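Colleague: Hi! I'm new to this one, could you walk me through it?

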Amino acid sequence: MNFLGRMMQKISAFFYGRNGYDRLFRLCVWSAFALQIIALFFRGTAYAVISLLAYALLLYAVFRFMSRNVAKRREEDLKYTEFVSGIKSRFADVRNRSADRKVHVYRTCPGCGAKLRLPRKKGKHTVRCPKCGKNFDTKI
């Protein structure tokens, strides 16, 4: 085996059992990169503080990458992913509501708090919640 092959084996053995690259690692690295670019527009103490924050993020990213506590790092990444998906679903909900605004109206059930999509027909209506079964009146 040649020198390059032996080096690849040693590197592979070193990284075996480590956390590696995940979504939270990528966020930390890109945030550190963005902070360093932002720091270029400042001088003095502000530059030092922003750069220090960027280096701290980069150090945390390397710590996560090299960590052997894979279960803990996966748990952190899962929490981050759930947080991001919650934000994305809220924006998707707003986008869907705005696309539907001429045809449907949205109301909240007073019993269970479920969001109901109702056809836009003027007047007073009695609505039955499909989730909890409560009847309530609404004006559209």
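Predicted model: local features only at pLDDT ≥ 70, side-chain atom pairs only at ≥ 80, totals over all residues.

Colleague: Where does Asp 77 lie?

Modeller: Asp 77 is part of helix H4, which covers residues 70–100.

Colleague: Is Asp 77 buried or exposed?

Modeller: Buried: its relative accessibility is 10%, and the cut-off for buried is under 20%.

Colleague: And which side chain does the side chain of Asp 77 make a polar contact with?

Modeller: That of Arg 23, at 3.2 Å. Setting aside neighbours within four places in sequence, Asp 77 is in contact with Asp 22, Arg 23, Leu 24 and Arg 64.

Colleague: New topic, helix H1. How far apart are its end C-alpha atoms?

Modeller: They are 19 Å apart. After H1 comes Gly 17, with a positive phi near 85 degrees.

Colleague: What about the strands? In which sense do S1 and S2 pair?

Modeller: Antiparallel, over five bridges, with S1 at residues 104–108 and S2 at residues 115–119. Val 105 has Leu 118 in S2 as its bridge partner. The hairpin has six residues between the strands, and Gly 113 there has a positive phi near 85 degrees.

Colleague: Which residues form the largest nonpolar core?

Modeller: Eight of them: Val 105, Cys 109, Ala 114, Leu 116, Leu 118, Val 127, Cys 129 and Phe 136. Apart from that core lies another, of five residues, including Ala 32, Leu 35, Ala 39 and Ala 54.

Colleague: Thanks, that helps!

Definitions and conventions: Residues numbered from 1 in each chain as written. Heavy atoms only, no water. Helix = DSSP H or I, 4+ residues; strand = E, 2+ residues; numbered from the N terminus. Buried < 20%, exposed > 50% of the residue type's maximum accessible area, 1.4 Å probe, protein only. Polar contact = N/O pair within 3.5 Å; in protein donor to acceptor, adjacent residues only side chain to side chain. Contact = heavy atoms within 4.5 Å. Expected span 1.5 Å × (residues − 1). Pairing = 2+ DSSP bridges. Core = buried A, V, L, I, M, F, W, Y, C linked by side-chain atoms within 4.5 Å.
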